[in-house]
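I opened the notebook to record what I looked up in this entry. The notes follow the order in which I checked things.

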Amino acid sequence: MDYAIATVGSHSALQILRGAKDEGFKTIAVCIKDHTLIYQHFKVADEIIEISSYKDFHTVEDDLLKLNAILIPHASLVAYVDLKTIEDMRVLYYGNRKILSWESDRDRQREWLRKAGLNLPKIYNDPADIDGLVIVKFYGARGGQGYFLARNEREFKRKIGSAKEYVIQEYIIGIPVYIHYFHSVMRSELELMGFDRRYESNVDGIGRIPYNLQRDLHVTYTIVGNFPLMLRESLLPEVFRMGQRIVEASKEICSPGIYGPFCLETVVTPDLKFYVFEISARIVAGTNVFMETSPYALIKHGKPMSTGRRIALEIKEAIKQGRLKEILG
Ligand code: ATP
């Protein structure tokens, strides 16, 4: 029986399903009712399975098994369906399922990034040590909601309220660059898929009002969309080195390591140093800006290639070579 490609109808599903179709797969979207019309409208899903809430995701297990579906994870799956459910499902799954727990736990994530030898923003364990601008992040925060900036302990104490679970991180002044990679098992190669920057409310709107009106505003980082970005070409060697180190370190911490798409979330300083503040161990929504292709992927593949399509191509090659097991985690 032929394989189908399935994903949750949200986040980067249009890209994943369209890419799967481009590579000749049958496609399935698992949607909450409210989202169904999008996947019907764009005609990217051959089949739509409706659930009333993400809590019911496990109920589609038998349907997906019957359809011989390979599930492609993305942030909405990871955010709305609990890790244990994902780990326990018998559905075929693209990627290393175990690596999700390394992504979702801030301490483990830092251990991974540190093992890879990347520059990381400093972490302050004691607010009394704050000696410069810091960003305070909450555990389980979605899309940067509730984060705040502080310059010293006094300001931190005023803003933290009763919150208990947070991390105080050095705020790196520079520009945010999100790097999209694809680690191919079939071709034993790390590919660069592109870069984006985020459009966040209200932080990206604050510069539109005069300074004297900005001062008392509370800054928030709610992600609303993304912009494509091209990087100075002389920075690309470092971009590749960072990605390769992440892949190597992932083999040590969670064999067989990370494969498929992943993203390093960085801030680049004026001396052109990349500081990595987070890793996403699966496709990121920023790749949607290249739903057709990024210039890098176009040069590499000689035809338009989105990250969604790249996933499908990898699966197709694995099926052809009888190596599917190597990429299902
Ligand atoms: P998650 O993916 O865990 O939901 P998030 O989207 O909630 O993360 P982050 O991506 O960690 O939040 O950060 C939100 C915003 O803060 C982004 O604009 C990012 O560029 C900025 N940011 C995060 N950490 C730092 C840092 N250490 N220095 C400067 N800017 C930062």
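Is Asp 22 buried, exposed or partly exposed? I found Asp 22 partly exposed, with a relative accessible area of 33%. For these labels I used under 20% relative accessible area for buried, over 50% for exposed, and partly exposed in between (1.4 Å probe, protein chains only).

I noted that the model is predicted, that local features need pLDDT of at least 70 and side-chain atom pairs pLDDT 80 or more, and that totals for chains, interfaces and linings use all residues. Residues are numbered from 1 along each chain as its sequence is written, and side-chain values use heavy atoms, with hydrogens and water left out.

**Salt bridges**

I took a salt bridge as a side-chain nitrogen of Lys or Arg within 4 Å of a carboxyl oxygen of Asp or Glu. By this rule I have 22 salt bridges. Asp 22 forms one with Arg 18, with the closest N and O atoms 3.2 Å apart. The two residues are four apart in helix 1, which separates them by about one helical turn. I took helices (H or I, at least four residues) and strands (E, at least two) as DSSP runs, numbered from the N terminus. Arg 18 is partly exposed at 32%. I also found Arg 18, Asp 22 and Glu 292 linked in a network of salt bridges.

I then looked at Glu 248 and Lys 251, whose side chains meet in a salt bridge at 3.5 Å, N to O. They are three residues apart in helix 10, again about one helical turn. Glu 248 is partly exposed at 46% relative accessibility, and Lys 251 is partly exposed at 40%.

**Helix 8**

Next I went to helix 8 (residues 153–160), where Glu 155, Phe 156 and Ile 160 are buried. Seen down the helix axis, the buried residues fall within an arc of 120°, so they line one face of helix 8. The arc is that of the directions from the helix axis to the C-beta atoms. On the face turned away from the buried side I listed the exposed residues Arg 154, Lys 157 and Arg 158.

Glu 155 forms a salt bridge with Lys 159, with the closest N and O atoms 3.0 Å apart. Glu 155 counts as buried at 9% relative accessibility, whereas Lys 159 counts as partly exposed at 34%. They are four residues apart in helix 8, about one helical turn.

**Aromatic rings**

I counted ring pairs for Phe, Tyr and Trp (its six-membered ring) with centres within 6.5 Å; planes under 30 degrees apart are stacked, over 60 edge-to-face, and the rest tilted. The structure holds 10 aromatic pairs. Phe 148 and Phe 156 have ring centres 6.2 Å apart and planes at 40°, so I logged the pair as tilted. Both Phe 148 and Phe 156 are buried. Phe 195 and Tyr 296 have centres 5.5 Å apart and planes at 80°, so that pair is edge-to-face. Phe 195 lies in strand 11 (residues 189–202) and Tyr 296 in helix 11 (residues 295–301), so the pair ties together parts 101 residues apart in sequence. Phe 195 is buried at 0% relative accessibility, and Tyr 296 is buried at 13%.

Ring pairs also link Phe 138, Phe 148, Phe 156 and Tyr 166 into a cluster.

**Backbone**

Which peptide bonds did I note as cis? The bond from Ser 201 to Asn 202 is cis, with omega near 5°, and a cis bond joins Ser 255 and Pro 256, with omega about 5°. Asn 202 is in strand 11. Pro 256 is in the loop between helix 10 (236–253) and strand 13 (260–268).

I noted these and the next two residues because most residues other than glycine have a negative phi, and most peptide bonds are trans. His 11 has a positive phi, near 60°, and lies in the loop between strand 1 (4–8) and helix 1 (13–22). His 11 is partly exposed at 24% relative accessibility. Ser 188 also has a positive phi, near 45°, and lies in the loop between strand 10 (175–184) and strand 11. Ser 188 counts as exposed at 66% relative accessibility.
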